[in-house]
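Biologist: I have a model to go through with you. Could you take my questions one at a time?

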Amino acid sequence: MKLFFGSTNKSLAEKISKEASLPLGELEIFKFPDGETRVRVIDNVVDEDVWVLQSRGRNPDSSYMELFFIVDALKRSGARFVGTIIPYLSYQRQDHVFRSGEAVSLEVIIKTLERVGADKIITLDLHSIKIPELFNIPMTHLSAIPLFAEVIKEKFKNLDRCVLVSPDMGGIRRIKILADELGVSFATIEKNRDLETGEIESAKLDGEIKENAIIVDDMISTGRTIGAAAELLLKNGAKNVYAFATHPVFSSDPPIFFESSSVSEVFVTDSINVPKDKQFAKLNIISVAGLFSKELSKK
Ligand code: R5P
């Protein structure tokens, strides 16, 4: 068994390879001057079971194209089983039709992945628990919540002064699991977005707020959700606001945004590699390598 990886998250692949004692496979990924990608498998994979790790790079579309080519190249090279590790499944917020006339983009990605020959997928903290139903191949859905619980227990010695906060109603299931695990109370925010622009139009808080408000979300993209939640929490009695989110999508300018925001610290995982220019002083990165390597060791 070998672990191959695309160009999006080499360091996570290296950590998983080390923790799961799984050798890394060798690929040649070449970019033509016109922007097209050529993938070639260097190792012999005939009759082998292999895994490919690919997350999201700066461009989600080219990250997926590269993954499709890698799976295809491995299958054509004779691999018996090609499992995919996609720590952050791009397009997961487009998992159904919100307004008539829209494409279900996530379904297109899944169909393509299955069509090129992926035999299994392991992913992490999906936006909706309904997403696994879209797959026809076996899928494993892992969660970083237990890792967040450990960090919170370690950081906040007095949990009585803490409240967990879901910044939108979609995160209630997640926040309940973490609240049960830690034995702390939680509050929720009802957020409404303009479906056309993505702008947050209103936010309503429900629940008792304590000194340390810990926002927990599945991802940070522009940072607007966390920013709006933090303002609301500070207005309602919180002294310090912390943010935990599994996926650092960081689409716009999180360094500038978070450094000047009222959020004290931001915790994310390495499900997506955060390039140097998107890192900032308040950022802490928790590795999910252990979660994936444990899962691979089961095979
Ligand atoms: C939304 O439903 C998600 O759970 C996240 O809250 C959201 O996608 C984060 O995006 P942004 O950082 O752009 O507000």
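This is a predicted model: local features need pLDDT of at least 70, side-chain atom pairs count only at pLDDT 80 or more; totals for chains, interfaces and linings use all residues.

Biologist: Is the crossing of helix 1 and helix 8 left-handed or right-handed?

Modeller: Handedness describes which way one helix is turned from the other. For helix 1 and helix 8, the crossing is right-handed.

Biologist: How many residues of the contact of helix 1 with helix 8 are nonpolar?

Modeller: Helix 1 brings L12, K15, I16 and E19. Helix 8 meets them with A289, G290, F292, S293 and L296. Of the residues in this contact, two are polar, two are charged, and the nonpolar ones number five.

Biologist: Now the loops. Is D125 buried or exposed?

Modeller: D125 sits in the loop between strand 6 (120-124) and strand 7 (139-142). Its phi is near 30°, a positive value in a residue other than glycine. The relative accessibility of D125 is 6%. Buried means under 20%, so D125 is buried.

Biologist: What is the relative accessible area of Y91?

Modeller: Y91 belongs to the loop between strand 5 (81-86) and helix 3 (105-116). Y91 also has a positive phi, near 80°, without being glycine. Y91 is partly exposed, and its relative accessible area is 24%.

Methods:
Residues are numbered from 1 along each chain as its sequence is written. Side-chain values use heavy atoms; hydrogens and water are left out. Helices (H or I, at least four residues) and strands (E, at least two) are DSSP runs, numbered from the N terminus. Buried means under 20% relative accessible area, exposed over 50%, partly exposed in between (1.4 Å probe, protein chains only). Contact means heavy atoms within 4.5 Å. Ala, Val, Leu, Ile, Met, Phe, Trp, Tyr, Cys and Pro count as nonpolar, Asp, Glu, Lys and Arg as charged, and the others, Gly among them, as polar.
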